[in-house]
Amino acid sequence: SIAGNVGAVARHLQRMRMRPGYYRFKKAYQRFTNTAPGGQRLYQATHKLKQWMKNALLGANFFEEMGFSYLGPVDGHDVDRLTYLLQVAREQDGPVLLHVLTVKGKGYEPAERKPWSYHGVGKFDTATGESGAKHKGFSEAFGHFLCQMAESDPRICAVTAAMQYGTGLNDFSRLFPKRFFDVGIAEEHAVAMSAGLAAQGMLPFAAIYSTFLQRAYDMLLHDVAISGQHVIFCVDRAGLVGDDGQTHHGTFDVGFLRQVPGMTVLCPVRFEELRVMMHYAAYELTGPVAIRYPRGSEVELAEIPEPEYPQLTLVTYSAMTGPAQAAVQRLQGEGYAVNFLRLRQIAPMDWPALDAVEGDLMVVEDCVAVGCVGEAVAAHFSGSGKRIICCNHGAKFVTHGAISELNRSLGMDADGLVRRVKEVLGNGKGQA
């Protein structure tokens, strides 16, 4: 885990100690009883006696109560001991749980001291451990704004799943310890607990990475949405996340959040917009709300003039705002009659704003194709004569790499979007 282990299971594991020497003795004893006359009866009797004494003195090992043979804990950096216990595990009958302890960044002092800072780390100076100038990101902005809100509203609480550092909640945990709940690596429980807090009159902000919120889809529906609980999900790392790769890209939340009945999904691209949306979600909306924001910093918004007769409008939201508006600026400079529309909310959809758009629509979004906003837009305008072009990741997992490189490979950077628009419009630039 990244943050410190919490909860009763962690405390139970800390009390459990099984040494390799015990297993060497056990193995030798089994060999003896297998060959000695009456050895099997002797082994069964002594085994029952051992279990009785162990449970009486140490308490039950709940893994063994479930039928697992528990081995460990073992130092995962000690190759010889780990190899021996793997050999022991291989020789056991039935399921085996091998408890291995490792240190994140073992052998590199900066990483051992601040393991949360080296989770999904980019380039850094190995001599100092510093990564150079860091820009304030959405996670830090969220944590700062939530602390401000909690100062004046005692109902506000924060829930996370072993990610207080990654989601920007470190200051909140220190300033409001009784209103901060780290449930460990259990996103399902984080969402269910948030529903319970909301039912008791609290205002829970559940800060969870997009990719990890997938684990709690059932709780989103059954614990939160069915009863309309006012839980505010702060969906961190929405969209591409870079070097963390396939398992961490937040490319599926658009589809599964938009289909949850009663869910409002907000998409800020500026820190001030995030602050306003947090207040809006807390005090003007009801039911479940998701505020999804990307990894990294805010997007600089440009003033883009609207053509008198636009042929095509690029519709986007969240992190694709930067590449999309850059593409529109370049296309307008070349005489193309293209327009730009940013959506601040993708559920419920702002259909009046989209209905007012003239010409065709190209929906640009960093998510998979199934369940994307473009699908909903295409269905809405079916039969209208408008062309709806969807630009997204398609039906695939995106590999690891810098976000700029990934967008380039997907054809979703400014250059790629310019090429796509020119393919759609051909030589007809329209009237800019």
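Visitor: Which residues does F233 touch, leaving out those up to four places away in sequence?

Guide: A contact here means heavy atoms within 4.5 Å. With residues up to four places away left out, F233 touches V191, A206, L213, L220, V224, M263, P288, V289, A290 and I291. The model is predicted, so local features need pLDDT of at least 70 and side-chain atom pairs count only at pLDDT 80 or more, while totals for chains, interfaces and linings use all residues. Residues are numbered from 1 along each chain as its sequence is written, and side-chain values use heavy atoms, with hydrogens and water left out.

Visitor: How many residues are in the largest nonpolar core, and which have the most contacts inside it?

Guide: In soluble globular proteins, nonpolar side chains tend to be buried together. A nonpolar core is a set of buried Ala, Val, Leu, Ile, Met, Phe, Trp, Tyr and Cys residues joined through side-chain atoms within 4.5 Å. Buried means under 20% relative accessible area, exposed means over 50%, and partly exposed lies in between (1.4 Å probe, protein chains only). The largest core here has 47 residues, and V191, L213, F233, L257, I346 and V373 have the most contacts inside it. Helix α9, residues 187-199, gives the most to this core, with five residues. Apart from it lies another core of 30 residues, including M149, I156, V289 and Y293.

Visitor: How much of the protein is buried, and how many helices and strands does it have?

Guide: Of the 432 residues in the protein, 47% are buried. Helices (H or I, at least four residues) and strands (E, at least two) are DSSP runs, numbered from the N terminus. By that count there are 18 helices and 13 strands. Among contacts with a separation of 6 or more, 74% join residues 24 or more positions apart.

Visitor: How many disulfides are counted?

Guide: A disulfide is a covalent bond between the sulfur atoms of two cysteines. The rule used is a pair of cysteine sulfur atoms within 2.5 Å, and the count comes to zero.

Visitor: Where is the largest cavity, in terms of the residues that line it?

Guide: Rolling a probe the size of a water molecule over the atoms shows where empty space is left. On a 1 Å grid over the protein atoms alone, a cavity is a set of points where a 1.4 Å probe fits but cannot get out, and lining residues have an atom within 4 Å of a point. One cavity of 30 Å³ or more is counted, and the largest cavity holds about 40 Å³ of space. The lining consists of Q246, H249, T251, F252, V368, H393, K396, F397 and V398. By class, that lining has four nonpolar, four polar and one charged residues.

Visitor: Is D366 buried or exposed, and which residues does it touch?

Guide: D366 counts as buried because its relative accessibility is 4%. D366 is in the loop between β12 (360-364) and α16 (373-380). Apart from residues up to four places away in sequence, D366 touches A238, G239, L240, G250, T251, A319, M320, H393 and M412. T251 and H393 are also among the residues lining the largest cavity. D366 and V254 are 112 residues apart in sequence, yet 9.3 Å apart from C-alpha to C-alpha.

Visitor: Which peptide bond near P73 is cis?

Guide: A cis bond joins G72 and P73, with omega about -5°. P73 is in strand β1, residues 69-75. The bond from A347 to P348 is also cis, with omega near -10°, and P348 is in the loop between β11 (345-347) and α15 (351-355).

Visitor: What is the phi of A162, and what is the phi of S318?

Guide: A162 has a phi near 65°, a positive value in a residue other than glycine. A162 lies in the loop between β3 (156-160) and α8 (170-175) and is buried, at 8% relative accessible area. S318 is not a glycine either, and its phi is about 55°. S318 sits in the loop between β9 (312-316) and α14 (321-333) and is buried, at 4%.

Notes: 1 Å grid on protein atoms, 1.4 Å probe; cavity = no way out; pocket = protein on both sides within 12 Å on 5 of 7 lines; lining within 4 Å. Points joined across faces, edges and corners; volume = space filled by probe spheres on them. Nonpolar A, V, L, I, M, F, W, Y, C, P; charged D, E, K, R; others polar.
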